[in-house]
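Here is my note on the salt bridges in this model. Please read it with the structure open.

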Amino acid sequence: LALLAQDSVTIVSASNAPLQVRELSLDIQGGALTLAAVDAEGKSLTLKGEDVVEIVFNGARPATASKPAAEDVEILLTCGDVWIGRLGPPAEDGLRLLSPALGDPLVKFGQIRAVLFSANKAYLPVRLPEKAESSDLVLTRSGDRAEGTVLALSNAGLSYKSKRLETDVAVPLSQAAGLWLIETEVAPKEGAGLQISAITRDGSTLRGEVQVLK
């Protein structure tokens with residue numbers, strides 16, 4: 001598996017100074033991740049994956065931040081990942097997340113711990129709930145805190161069945177600040193191999209084992 005950097009790649013290891021390379025390949029040898037690189041002067045280098053702290057793709061500069069839209073969200077998954085994107089059209093069993101970095105995934109409700117609405121994060125309490133306990137939890141821009149069952153969430157809005165009112169309630173996305181869902185699926189266990197954390201240009205974070213880099 002090889003990567004030819006459009007700009008340069010910086011490899012930070014545990015024992016050496018940051019290294020600038022122009023070519024990088026990853027391979028699994030004897031069950032262990034190995035990095036083969038070519039530096040700016042054409043010298044070939046080999047590093048063990050377990051010795052590498054960080055790989056930075058210097059050409060992947062973040063775009064200039066703009067004011068978030070009502071549909072912009074941060075999804076906190078039960079596995080610890082954070083996916084950033086924009087809510088898409090309605091889906092029956094999850095959220096359609098519009099994210100060029102992640103390939104517009106359908107995120108299943110059972111894999112979601114919380115959804116934060118980027119435009120209204122300033123209205124969330126300083127201390128956020130760790131997880132929903134007995135019911136889904138909806139927090140709004142006005143400070144309302146409601147328990148119930150989330151019925152739908154998409155670019156069309158948020159709706160839930162109120163536990164207190166025993167009726168369906170619709171919340172415009174412009175008023176939604178955050179929601180926490182009852183976790184119906186057990187979070188996957190961390191694999192036995194070398195784990196990495198990948199940070200995309202939009203700030204999404206993913207953790208897992210290296211399989212493919214392209």
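The points below cover the basis of the model and then the charged pairs.

1. Basis. This is a predicted model; local features need pLDDT of at least 70, side-chain atom pairs count only at pLDDT 80 or more, and totals for chains, interfaces and linings use all residues. Residues are numbered from 1 along each chain as its sequence is written, and side-chain values use heavy atoms, with hydrogens and water left out.

2. Count. The structure holds 5 salt bridges. The term means a side-chain nitrogen of Lys or Arg within 4 Å of a carboxyl oxygen of Asp or Glu. Three of them follow, one to a point.

3. D72 and R86. Their side chains form a salt bridge, 2.7 Å from N to O. D72 sits in strand β6 (residues 72-77) and R86 in strand β7 (residues 82-87), so the pair ties together parts 14 residues apart in sequence. Strands are DSSP runs (E, at least two residues), numbered from the N terminus. D72 is buried at 14% relative accessibility, whereas R86 is partly exposed at 37%. Buried means under 20% relative accessible area, exposed over 50%, partly exposed in between (1.4 Å probe, protein chains only).

4. E183 and R113. This salt bridge spans 2.5 Å, N to O. E183 lies in the loop between β15 (176-180) and β16 (195-199), and R113 in strand β10 (residues 112-117), so the pair links parts 70 residues apart in sequence. E183 is partly exposed at 25%. R113 is partly exposed at 23%.

5. E147 and K163. The closest N and O atoms of this salt bridge are 3.8 Å apart. E147 is in strand β12 (residues 145-154) and K163 in the loop between β13 (157-162) and β14 (168-171), so parts 16 residues apart in sequence are tied together.

Notes
Helix = DSSP H or I, 4+ residues; strand = E, 2+ residues; numbered from the N terminus.
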